[in-house]
Amino acid sequence: MVTTRSRSKNNRTTDKDRSKERYAYRPRSTFEESDALVGYRTIDHYLQYDCLLTREELQRLDEHVYSAVDTSWLDELCMKKFWEAVVLYYPLWVAPNLLTLIGLIVNLTTVLVLSFYCPTATETAPAWTYFLAALGLFVYQTLDATDGKQARRIGASSPLGELFDHGCDSASQVFVTLNVCYALQLGTVRCGVFIACLISVSLFYTAHWSTYCTGQLRFARFDVTEAQWSIITMLLCTAVFGPGIWSIGVFGYYLKHLLLSAVALGTIYQALGYLSVIFTDGVGKNGSTVAGTSVLFPICPLLAVIVPYCMIYSKAASSVYDDSIVLFVLQFGAVAAKATNRLIVAHMSRSELSLWDWIYMGPIALMINQYYDIKIDESRLLKYTTAYVYLSLFVYCFFITRQICDYMGIYCFKVTPPRSNK
């Protein structure tokens with residue numbers, strides 16, 4: 001739990017005035033010359049609009065202080081003690097962001113192995129692949145939970161660490177959800193895989209939407225840790241008994257349908273909690289966001305991600321997207337991850353969100369090919385657009401990280417401070 005200090009009445013008034021000033025609306029300033037520019041007008045224009053922060057945004061991001069309330073049941077019961085013991089085995093020269101990146105790579109690798117055997121989420125994979133996926137998720141969870149502890153241990157805490165941590169989490173949402181789809185063989189359910197991924201990334205986005213409004217990340221009693229352990233348990237059961245265990249009848253229904261119904265109810269409850277916070281707890285003027293903007297506007301980037309893919313999937317005249325469902329949801333996950341990353345950066349730099357993003361050219365190309373009956377093979381176009389959206393996501397993450405490192409005078413994957421220029 002996060003504790004707060006008591007203040008005198010005069011201090012409270014002063015803090016209230018400071019809060020109004022801190023969360024006041026500030027229009028985005030124009031860009032100055034930046035070392036991140038490459039010298040080509042078209043590319044520089046793209047970078048300025050899509051990837052670069054202004055000096056004022058970098059300054060506010062540098063001033064950002066992480067704030068969270070954690071009431072997670074498993075965290076308090078045993079996981080915090082486990083993570084505090086694990087972090088003691090890390091060498092002092094290991095950078096926290098390196099731990100985060102290794103966890104993401106491990107999680108991605110194990111999911112891709114399972115994807116090789118389950119390309120449509122209808123197949124039965126070898127038992128060892130489910131064990132491997134469970135292990136990969138456990139490693140990812142452990143590294144993700146201990147990176148911040150390692151940062152505090154070696155005195156390397158920075159806003160970049162928070163951004164890098166949450167950025168990797170946003171990218172991994174679709175990977176973790178695919179584990180569930182493979183275990184339950186949701187490819188046998190019409191739209192099952194896509195809906196599961198849609199719910200997952202939307203809930204994650206909404207959690208950071210509420211943070212953008214309140215300036216504080218709030219964890220519920222049943223949150224990330226509990227969800228991840230539920231998935232790990234599901235994968236282990238699938239490895240031992242096979243995916244068929246989730247198709248046994250319980251009270252006249254398949255077990256997996258009962259599980260999905262429980263997940264749907266939990267998601268609705270969680271989402272309503274986030275929306276309540278969004279509409280009532282905004283810290284800006286008149287209940288606005290940390291940037292002094294409308295608490296409603298962040299729904300626009302979310303809809304800009306969801307609506308095109310719903311239209312693309314529902315309009316498909318063939319089974320091309322069901323046959324390539326893994327590639328389809330991976331592309332969807334990348335677009336959603338970039339939208340979430342933008343929201344996290346906006347929260348940390350107390351900046352307004354922009355609606356347009358060049359990554360949307362991926363789903364737009366798929367839509368144009370469908371709705372105007374352009375004779376481009378949909379399967380091939382899906383591969384090309386998936387490569388494009390991941391390139392767009394990588395370029396964005398690279399330049400944002402580079403800018404922050406240059407401004408703060410730190411390295412991303414090294415503990416050793418940079419040398420001063422003399």
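Me: Where in this predicted model is Cys-191 found?
Reply: Cys-191 is in the loop between helix 7 (159-184) and helix 8 (192-214).

Me: What makes the phi of Cys-191 worth a remark?
Reply: The phi is positive, about 65°. Yet Cys-191 is not a glycine.

Me: Which loop holds Asn-286, and what is its phi?
Reply: Asn-286 belongs to the loop between helix 10 (255-280) and helix 11 (299-315). Its phi is positive too, at about 60°, and Asn-286 is not a glycine.

Me: Why is Asn-286 called exposed?
Reply: Its relative accessible area is 76%. Exposed means over 50%. Asn-286 therefore counts as exposed.

Me: Why is the pair of Phe-164 and Phe-413 called edge-to-face?
Reply: The ring centres lie 5.5 Å apart, and the planes stand at 80°. A pair needs centres within 6.5 Å, and edge-to-face needs planes over 60 degrees apart. A search of the whole structure finds 16 aromatic pairs.

Me: What parts of the chain does the pair of Phe-164 and Phe-413 link?
Reply: Distant ones. Phe-164 is in helix 7, while Phe-413 is in the segment after helix 15 (378-408). The two are 249 residues apart.

Me: Is Phe-164 buried or exposed, and how do you know?
Reply: Buried. Its relative accessible area is 13%, and the limit for buried is under 20%.

Me: Why does Phe-413 count as partly exposed?
Reply: Its relative accessibility is 36%. Buried ends under 20%, and exposed starts over 50%. The value falls in between, so Phe-413 is partly exposed.

Me: What makes Lys-315 a charge over the ring of Tyr-371?
Reply: The charged end of Lys-315 is 5.1 Å from the ring centre. The distance cut-off is 6 Å, with a further limit of 35 degrees from the ring normal. Lys-315 is counted as sitting over the ring.

Me: Which ring lies under the charged end of Lys-414?
Reply: That of Tyr-411, with its centre 4.7 Å away.

Me: Which residues touch the most other members of the largest nonpolar core?
Reply: Val-193, Phe-328 and Val-329, in a core of 93 residues. Helix 13 (residues 325-349) gives the largest share, 16 residues.

Me: What does Val-193 contact beyond its neighbours within four places in sequence?
Reply: Ala-121, Leu-178, Cys-181, Leu-186, Gly-187, Ile-325 and Val-329.

Me: Which aromatic cluster includes Phe-328?
Reply: Phe-328 clusters with Phe-194, Tyr-309, Tyr-313, Tyr-321 and Phe-332.

Methods
Residues are numbered from 1 along each chain as its sequence is written. This is a predicted model: local features need pLDDT of at least 70, side-chain atom pairs count only at pLDDT 80 or more; totals for chains, interfaces and linings use all residues. Side-chain values use heavy atoms; hydrogens and water are left out. A nonpolar core is a set of buried Ala, Val, Leu, Ile, Met, Phe, Trp, Tyr and Cys residues joined through side-chain atoms within 4.5 Å. Buried means under 20% relative accessible area, exposed over 50%, partly exposed in between (1.4 Å probe, protein chains only). Helices (H or I, at least four residues) and strands (E, at least two) are DSSP runs, numbered from the N terminus. Contact means heavy atoms within 4.5 Å. Rings of Phe, Tyr and Trp (its six-membered ring) pair if their centres lie within 6.5 Å; planes under 30 degrees apart count as stacked, over 60 as edge-to-face and the rest as tilted.
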